[in-house]
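Hi everyone, thanks for coming. Let's have a look at this one together, and do stop me if a word is new to you.

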Amino acid sequence: MNLEDLIGRIKRHPDYGRVGMILCHNGVVRETARDGRRVKRMTVRADRIRLEAVLAEMRKRPGIVEILAEVREGRLDVGEDVMMVVVAGDYRENCFPVLQDAVNAIKRDVTKKKEE
């Protein structure tokens, strides 16, 4: 999982000339849960078919040229990368909501996490 690789793929997109911005999200394992509990590691599973469906849905949004995402599965320690999302599009008013909606949909509908 490498942000530079994802951005490189975006830059090779045939419609890259329409891109005015690239937004990136890099989610990592945090040492505390939302409820304040201490976290040592996290086990992550991802539904790859659902991930592709989420990305396909986001690509239909106005101004979006491409969106790519990777989710790392398995046992991950605090500080390790869990998810990367890259959105390329024309203007910020189109791109920022797609990044937020994509991250939320992936966390809600694609990943299953167990904090230890």
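Let me start with how the pieces get their names: helices (H or I, at least four residues) and strands (E, at least two) are DSSP runs, numbered from the N terminus. One example of a strand is β6, residues 111-115, and Lys-114 lies in it.

Two housekeeping remarks. What you see is a predicted model, where local features need pLDDT of at least 70 and side-chain atom pairs count only at pLDDT 80 or more, while totals for chains, interfaces and linings use all residues. Residues are numbered from 1 along each chain as its sequence is written, and side-chain values use heavy atoms, with hydrogens and water left out.

Let's stay with Lys-114 for a moment. Is Lys-114 buried or exposed? Its relative accessible area is 55%, so Lys-114 is exposed. For that word, buried means under 20% relative accessible area, exposed means over 50%, and partly exposed is in between, using a 1.4 Å probe and protein chains only. Setting aside residues up to four places away in sequence, Lys-114 touches Arg-41, Met-42 and Thr-43, where contact means heavy atoms within 4.5 Å. Along the sequence, Lys-114 and Arg-41 are 73 residues apart, yet from C-alpha to C-alpha they are 8.6 Å apart in space.

Now to a pair of helices. Helix α2 covers residues 48-59 and helix α3 covers residues 92-110; they pack at an angle of about 160°, with their axes 10 Å apart. Axes here are lines fitted to C-alpha atoms, for helices over the stretch in contact, and angles run from 0 to 180 degrees between N-to-C directions. How do the two helices run relative to each other? They are therefore roughly antiparallel; angles over 145 degrees count that way, with under 35 as roughly parallel, 65 to 115 as roughly perpendicular and the rest as oblique.

Who meets whom? From α2 we have Arg-50, Leu-51, Val-54 and Met-58, and from α3 Val-98, Asp-101, Ala-102, Ala-105, Ile-106, Asp-109 and Val-110. The residues of this contact divide into eight nonpolar, no polar and three charged. In this scheme Ala, Val, Leu, Ile, Met, Phe, Trp, Tyr, Cys and Pro count as nonpolar, Asp, Glu, Lys and Arg as charged, and the others, Gly among them, as polar.

Pick out Ile-106 in helix α3. Ile-106 counts as buried, at 0% relative accessibility. Not counting residues up to four places away in sequence, its contacts are Leu-51, Val-54, Ala-69, Val-71, Met-83, Val-85 and Thr-111.

Leu-6, in helix α1, is buried too, with a relative accessible area of 1%. Leu-6 touches Leu-68, Glu-70, Met-84 and Val-86, again not counting residues up to four places away in sequence. Leu-6 and Leu-68 are 62 residues apart in sequence and 6.9 Å apart in space, C-alpha to C-alpha.

Last topic: cysteines. A disulfide is a covalent bond between the sulfur atoms of two cysteines. Cys-24 is partly exposed, at 35% relative accessible area, whereas Cys-95 counts as buried at 0%.
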